[in-house]
Amino acid sequence: MNQEHFEPRLIGFLCNWCSYTGADLAGTARMVYAPNIRIIRVMCTGRVDPQFVLKAFREGADGVLISGCHPGDCHYQEGNYKAMRRHKLLSKVLEQFGIEKERFRLEWVSASEGTKFQQVCNEFTEQIRGLGPLNLNGNKGEHHEQRQA
Amino acid sequence: MVNLTIDGKQVEVDEGSTILQAAKKAGARVPTLCFHPVIEPYAACRVCVVEVAFRGKNDLLTSCNTKAEEGMDVRTASERALRARRLNVEMLLARAPAAEPLREIAKELGIEKTRFPVKDPDEKCILCGLCVRACEQIVGACAISFIERGTDRHVSTPFGEESEACIGCTACAHFCPTGAITVEDKYGRKVIHDEMYLGPTTAIRVPTRQAVPMVPFIDKEACIHFKTGECKVCAKVCDRDAVNHEMEDTIQEIEAGSIIIASGFKTFDARRIPAYGYGRFPNIITAMEFERLVNASGPTGGKVLLANGEEPKAVGIIHCVGSRDENYHAYCSRVCCMYSLKFAHLLGEKTKATIYDFYIDMRCFGKGYEEFYHRLLKEGTKFVRGRVSEITTLALTEKEEGKLIIRVEDTLLGAVRRIAVDMAILAVGMEPSIDHNRLAKTFNISCSQDTFFLERHPKLAPVSSFSDGIFLAGTCQGPKDIPDTVAQAGAAAAEALALADLGKVELEPITAVIDDKLCSGCQICVGLCPFTAITYKKDEGHSEINDALCKGCGTCVAACPSGASYQKHFRDEQIFAEIEGIFLI
């Protein structure tokens with residue numbers, strides 16, 4: 001793949017109550033942001049199993065975003081704290097796998113922060129664009145071929 | 001019960017009552033000076049003397065402190081009693097000829113002039129000691145007493161000096177029957193309480209005459225009882241026994257099916273904009289203070305007056321104080337334009353002042369609002385379009401001397417103007433109430449960017465919060481006027497009732513389930529659950545999730561090391577499939 005035309009492929013795990021609604025707000029408010037992120041809705045960031053992140057990277061994601069309610073604002077009281085703990089630990093594991101920890105990002109975006117979601121997406125996309133493709137196990141090429149087929 | 005005769009009339013009174021009480025019941029008038037119903041009688045003035053025939057004796061007794069007894073024959077206006085009373089009054093009159101109530105009693109008794117020499121024609125104190133007893137019994141301060149002897153005897157603080165014991169409650173002046181004690185705020189120590197910041201009031205009061213509920217409350221900070229442990233005069237005079245000083249704040253737990261949050265707003269603190277001089281210069285008042293000032297039950301009886309008691313000649317109303325301002329609140333508070341117009345109208349009605357109205361945009365959005373604006377335009381209010389930059393007292397010309405000068409860019413004129421006024425009214429905007437953040441945490445309500453509570457959907461669910469059974473009404477959700485608030489509150493009540501009427505609760509469709517065949521009983525999930533929905537079944541060796549308690553966050557599912565726990569609709573396989581499929585498109 002041509003480095004200059006590299007479009008990062010990002011997966012975002014967004015919690016239903018804050019970030020998913022925030023993303024929805026960004027949409028309804030017609031804010032323009034990088035189209036690179038694909039969103040998977042979970043009820044709470046506490047549901048994000050480390051396996052999901054690993055799976056996302058394995059399937060060819062160049063970056064994974066977990067975004068939930070601000071600390072203290074969790075709809076389920078403390079799910080976002082669990083996510084924070086898991087993020088810390090998993091970042092270390094990822095580094096040992098040779099995946100830069102910048103590729104795995106945790107953000108707090110509330111339901112009213114459409115602008116923040118826009119900003120996070122743009123920033124993250126640019127950051128990953130700077131890091132380049134992940135190319136884990138050459139998986140990306142595989143998918144690329146699949147898509148063209 | 002005690003039976004006695006008052007002026008030939010048979011009366012029955014409670015055991016322990018005084019003759020004065022019995023006389024009052026019988027409808028006989030006995031004059032008193034040193035008597036007050038809440039203070040122990042002392043019989044100092046001896047004006048209440050009556051003739052009592054009892055057990056074969058005929059005595060002159062002071063009615064205020066003599067107990068009524070069975071078979072007493074009391075004559076309140078017998079020749080002997082009146083003669084004694086006249087003499088007592090004449091002697092008092094010689095001591096305190098300027099005491100108005102005493103002179104009235106003298107007039108009633110037909111005394112024109114005292115036969116005794118008058119020492120001081122301006123003296124008012126009759127040395128009854130009611131003030132001393134009030135200070136001791138009611139206030140508990142014991143700050144004043146009689147000092148010196150004989151003709152020099154008078155009431156004062158020890159050595160006639162400023163007393164540390166005096167708490168400045170002014171009870172002595174209040175109880176003095178002749179007005180001999182006056183209050184002077186010489187040391188600025190007196191506790192004077194503000195009624196909505198605009199005038200003195202009492203420690204037990206109804207906040208305003210429009211208060212709901214219309215009941216008095218005790219201001220703990222100001223109440224003498226909470227300072228010295230005495231007083232309780234309000235409890236003594238209340239014949240319904242409604243005053244209770246022992247009442248404490250209690251926390252009540254109420255089980256409710258739905259909750260409507262209507263925590264309202266507070267007004268923007270105008271001190272946060274120093275350039276507007278609120279709190280620094282006199283005659284700069286907020287909208288709430290002006291509202292109190294024009295109120296007929298307010299401190300001035302509805303007159304619009306300056307701090308010096310004069311009527312203002314020019315008044316400026318400044319819109320958008322704290323609203324539509326990037327530095328404070330970006331949002332529009334929605335109500336200020338209309339209440340400012342109302343103020344302009346009231347000012348025109350009550351004063352002859354020139355009225356200036358400084359606005360950014362006139363937002364008269366409601367029914368009949370625009371018409372009201374047009375009415376004001378015809379009434380001669382001077383509208384100046386532009387944001388006020390500052391209010392200052394720094395006069396540049398002689399005309400501006402002693403006035404408030406409002407500096408503003410008139411955007412329609414394209415010029416910076418200085419407008420001298422006597423009074424400035426700041427139309428302060430709305431902010432969430434003081435407890436807003438605590439409420440948000442307690443009820444798990446999100447806040448929108450303007451810090452007001454966030455509704456579930458701006459169009460489809462404007463009164464619901466993100467939690468089922470919790471509804472929002474009024475200004476806690478965003479600035480709105482009374483009609484809008486009433487409409488939203490009605491909607492919230494209907495939604496709450498609809499939920500109650502259903503008689504059943506819908507369970508979360510998305511809950512977590514533990515497959516007991518896979519569960520190893522490690523109990524990691526038990527500690528993670530914020531809703532204590534998971535219990536470990538010791539006998540069966542696995543954990544179980546209570547469907548009614550589980551809210552479906554899935555935290556336990558992500559943590560389960562054996563994959564025994566799964567979340568309905570969000571199974572691991574489902575999410576894996578999503579991840580696999582997400583890059584195919």
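Guide: A strand here is a DSSP run of E at least two residues long, numbered from the N terminus. B:Pro213 sits in the loop that runs from strand E10 (204-205) to strand E11 (217-218) of chain B. Keep in mind that this is a predicted model.

Visitor: What kind of peptide bond joins B:Val212 and B:Pro213, and how do you know?

Guide: The bond between B:Val212 and B:Pro213 is cis, with omega at about 0 degrees.

Visitor: Where is B:Leu472, and what makes it count as buried or exposed?

Guide: B:Leu472 belongs to strand E23 (residues 470-472) of chain B. Its relative accessibility is 0%, and buried means under 20%, so B:Leu472 counts as buried.

Visitor: Which residues is B:Leu472 in contact with, leaving aside its neighbours within four places in sequence?

Guide: Among them are B:Ile261, B:Ile445, B:Phe453, B:Leu454, B:Val463, B:Gln488 and B:Ala492. As for B:Gln488, 16 residues separate it from B:Leu472 in sequence, and the C-alpha to C-alpha distance is 8.0 Å.

Visitor: What about B:Cys320: buried or exposed, and why?

Guide: Set its 7% relative accessibility against the 20% cut-off, and B:Cys320 counts as buried. B:Cys320 lies in strand E15 (residues 314-321) of chain B. It isn't a glycine, yet its phi is positive, about 55 degrees.

Visitor: Why does A:Pro133 get the label it has at 24% relative accessibility?

Guide: Because 24% falls between the cut-offs of 20% and 50%, A:Pro133 counts as partly exposed. You'll find A:Pro133 in the loop linking helix H4 (114-131) to helix H5 (139-148) of chain A.

Visitor: How is chain A put together, in helices and strands?

Guide: Chain A has 5 helices and 4 strands, in the sequence pattern β-α-β-α-β-α-β-α-α. Buried residues account for 54% of its 149 residues. Of the contacts in chain A that join residues at least 6 apart in sequence, 80% link residues at least 24 apart.

Visitor: In what order do the strands of the open sheet in chain A come, and what makes a strand an edge strand?

Guide: The 4 strands are ordered E2-E1-E3-E4, with parallel pairing. Strand E2 (37-42) and strand E4 (104-108) of chain A are the edge strands: each pairs on one side only. From one strand to the next, the twist averages 20 degrees.

Visitor: How do you know that strand E3 (residues 63-68) of chain A pairs with E4(A)?

Guide: DSSP has to find at least two bridges, and E3(A) and E4(A) share 5, so the two strands count as paired.

Visitor: What makes the length of helix H2 (residues 79-95) of chain B agree with what it should span?

Guide: At 1.5 Å a residue, its 17 residues should span 24 Å, and the end C-alpha atoms are 25 Å apart, so the two agree. The buried residues of H2(B), including B:Leu82, B:Val89, B:Leu92 and B:Leu93, pack against strands E3 (49-54), E4 (57-62) and E5 (73-75) and helix H3 (100-108) of chain B.

Visitor: How many residues of chain B and chain A are in contact, and what area is buried between them?

Guide: 33 residues of chain B touch 43 residues of chain A. About 3300 Å² is buried between the two chains, and carbon and sulfur atoms give 61% of that. B:Phe466, B:Ile579 and B:Phe583 supply 22% of the area that chain B buries against chain A, more than any other three residues.

Definitions and conventions: Residues numbered from 1 in each chain as written. Chains lettered and ligands numbered in written order. Predicted model: local features only at pLDDT ≥ 70, side-chain atom pairs only at ≥ 80, totals over all residues. Heavy atoms only, no water. Buried < 20%, exposed > 50% of the residue type's maximum accessible area, 1.4 Å probe, protein only. Contact = heavy atoms within 4.5 Å. Expected span 1.5 Å × (residues − 1). Axes fitted to C-alpha atoms, helices over the stretch in contact; angles between N-to-C directions. Buried area = accessible area lost by both parts, 1.4 Å probe.
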